Amino acid sequence: MKVNLYLFLALTGFSLTGHSVLRVTKDTKPKSEMMKYLQNVNTFLLVVAGLSLTGLIFLGYTSTSVGYKDKRFCLNLTKEHQENSKLQLPQGISYKQPSVVGPDGKVIATTPWLSPIVWEGTFDPFLIDTIYKQQNITIATTVFALGKYTQFLKDFLESAEQNYFIGFRVHYYVFTDQPEQVPEVKLGEERQLTVLKVPSSNRWQEITLRRMEKLEKLIESRLVSEADYIFSLDVDTKFYGRWGSESLGRLVGVIHPGYYQTPREQFPYERRPESQAFIPHAEGDYYYGGAVIGGLVKDVHEAAKTCREQLDIDAAKSIEAAWQEESHLNKYFLYNKPSKVLSPEYLWQDFKPHTNEVKIIRFSQVIKNYAAVRPNP
């Protein structure tokens with residue numbers, strides 16, 4: 001804070017030569033008493049000047065400090081808004097299809113809307129786990145094991161206990177029509193399993209179609225108060241490598257291993273305009289696998305609820321999307337961008353050979369005879 005020096009000296013009783021500006025007549029007091037008097041006056045004025053200067057410095061510092069705090073508070077609000085805001089895209093916007101692998105053959109680790117694409121080498125496992133473990137979070141994990149799909153539960157759970165969010169609190173929720181077929185698997189500390197009985201169906205498509213509804217209701221009835229994050233995973237899968245806190249985000253999808261280098265015109269989207277899952281040939285980012293959906297409980301609830309509503313509208317018109325809930329999930333992710341995208345490392349297929357891009361397979365769909373495990377062809 002700048003202060004006019006001349007004004008300051010005038011206010012405190014000094015001239016530019018440093019003498020008192022007070023005048024005393026010759027005959028009023030003896031000389032010695034006069035000098036003592038002037039010294040006392042000067043001392044008093046020096047004290048006043050010092051106090052005045054201290055006050056001015058304090059006011060300047062306080063003003064700057066308050067301004068800084070206000071600015072920092074505004075920045076914090078902006079950051080919070082950015083982290084919590086939804087990345088929504090209006091329909092009908094034309095733009096270039098995003099790539100997962102660049103022209104140089106190297107993987108791309110960021111989407112065009114600046115969400116991370118998680119690949120091996122893009123994160124420090126120790127660092128990111130240390131950060132998230134301080135938050136004391138619970139990760140709910142749902143799997144659907146109906147009919148003969150219960151045979152996949154043992155490998156799913158045992159491999160998860162070796163690789164999936166190790167050191168974190170995990171609660172598995174198993175939806176099944178045969179609770180007696182759920183195997184006993186030794187769970188680690190702070191990890192538990194709950195079996196939820198649901199009716200079966202004569203059509204595997206119907207089982208798939210109803211998963212969003214079951215997920216929506218579970219979140220509303222329990223998970224809203226029991227968990228922080230949730231992942232819904234296919235049971236006919238196995239963990240082969242680390243799956244940890246690097247996968248956490250507000251809304252998380254996984255790139256399907258069969259289409260990560262395919263032109264979007266060839267994606268198996270629902271192409272009939274009559275369906276709520278319809279996506280035009282000129283639109284699309286990635287083809288997301290329905291085997292994985294995750295994120296904060298409230299955001300996954302909104303995704304599941306929206307998909308369920310769209311599924312109900314289609315059902316009322318006797319329409320079934322090309323790939324049931326996966327088609328509706330792709331529609332949702334196109335216009336509600338994921339805040340984090342998992343690379344095909346997090347959803348591979350056992351029959352597929354390794355590629356140059358996928359350095360490690362973390363989670364993969366096992367080889368199976370669909371005719372033998374599905375209730376209908």
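**Notes on the model**

1. Leu 114 is exposed, with a relative accessibility of 70%. Please keep in mind throughout that this is a predicted model. Leu 114 sits in the loop that joins strand 1 and strand 2, and its phi is near 70°, a positive value in a residue other than glycine. Most residues other than glycine have a negative phi.

2. Is Gln 324 buried or exposed? With a relative accessible area of 4%, Gln 324 is buried. Gln 324 belongs to helix 8, which covers residues 324–335.

3. Gly 289 is part of strand 9 (residues 288–296). Its relative accessible area is 1%, so Gly 289 is buried. Which residues does Gly 289 touch, once neighbours within four places in sequence are set aside? They are Val 254, His 256, Glu 326, Leu 329 and Leu 347. For Glu 326, which is 37 residues away along the chain, the C-alpha separation from Gly 289 is 6.7 Å.

4. Strand 7 pairs with strand 13 (residues 363–365) in the antiparallel sense, over 3 bridges; Lys 238 has Ser 364 in strand 13 as its bridge partner.

5. Asp 129 is located in helix 3 (residues 125–133). Asp 129 counts as buried because its relative accessibility, 11%, falls under 20%. What does the side chain of Asp 129 meet in a polar contact? The partner is the side chain of Ser 245, at 2.5 Å. Beyond residues up to four places away in sequence, Asp 129 touches Phe 168, Arg 242 and Ser 245.

6. On aromatic rings, the structure holds 22 aromatic pairs. One of them joins Trp 113 and Tyr 286: the ring centres are 6.1 Å apart and the planes are at 55°, so this pair is tilted. Trp 113 lies in the loop between strand 1 (87–88) and strand 2 (117–118), and Tyr 286 in the loop between strand 8 (251–255) and strand 9, so the pair ties together parts 173 residues apart in sequence. Both Trp 113 and Tyr 286 are buried.

7. Tyr 164 and Phe 165 form an edge-to-face pair, 4.9 Å centre to centre with 80° between the planes. Tyr 164 is buried at 0% relative accessible area, and Phe 165 is buried at 0% as well. Both residues belong to a cluster linked by ring pairs, whose members include Phe 156, Phe 168, Phe 231, Phe 239, Trp 243, Tyr 346 and Phe 363.

8. Finally, two charges over rings. Arg 264 lies over the face of Tyr 95, at 5.7 Å from the ring centre. Lys 352 lies over the face of Trp 348, at 5.3 Å from the ring centre.

Technical notes: Residues are numbered from 1 along each chain as its sequence is written. Side-chain values use heavy atoms; hydrogens and water are left out. Helices (H or I, at least four residues) and strands (E, at least two) are DSSP runs, numbered from the N terminus. Buried means under 20% relative accessible area, exposed over 50%, partly exposed in between (1.4 Å probe, protein chains only). Contact means heavy atoms within 4.5 Å. Two strands pair if DSSP finds at least two bridges between them. A polar contact is a pair of N or O atoms within 3.5 Å; within protein, one must be able to donate a hydrogen and the other to accept it, and residues adjacent in sequence count only if both atoms are side-chain atoms. Rings of Phe, Tyr and Trp (its six-membered ring) pair if their centres lie within 6.5 Å; planes under 30 degrees apart count as stacked, over 60 as edge-to-face and the rest as tilted. A charge sits over a ring if NZ of Lys or CZ of Arg is within 6 Å of the ring centre and within 35 degrees of the ring normal.
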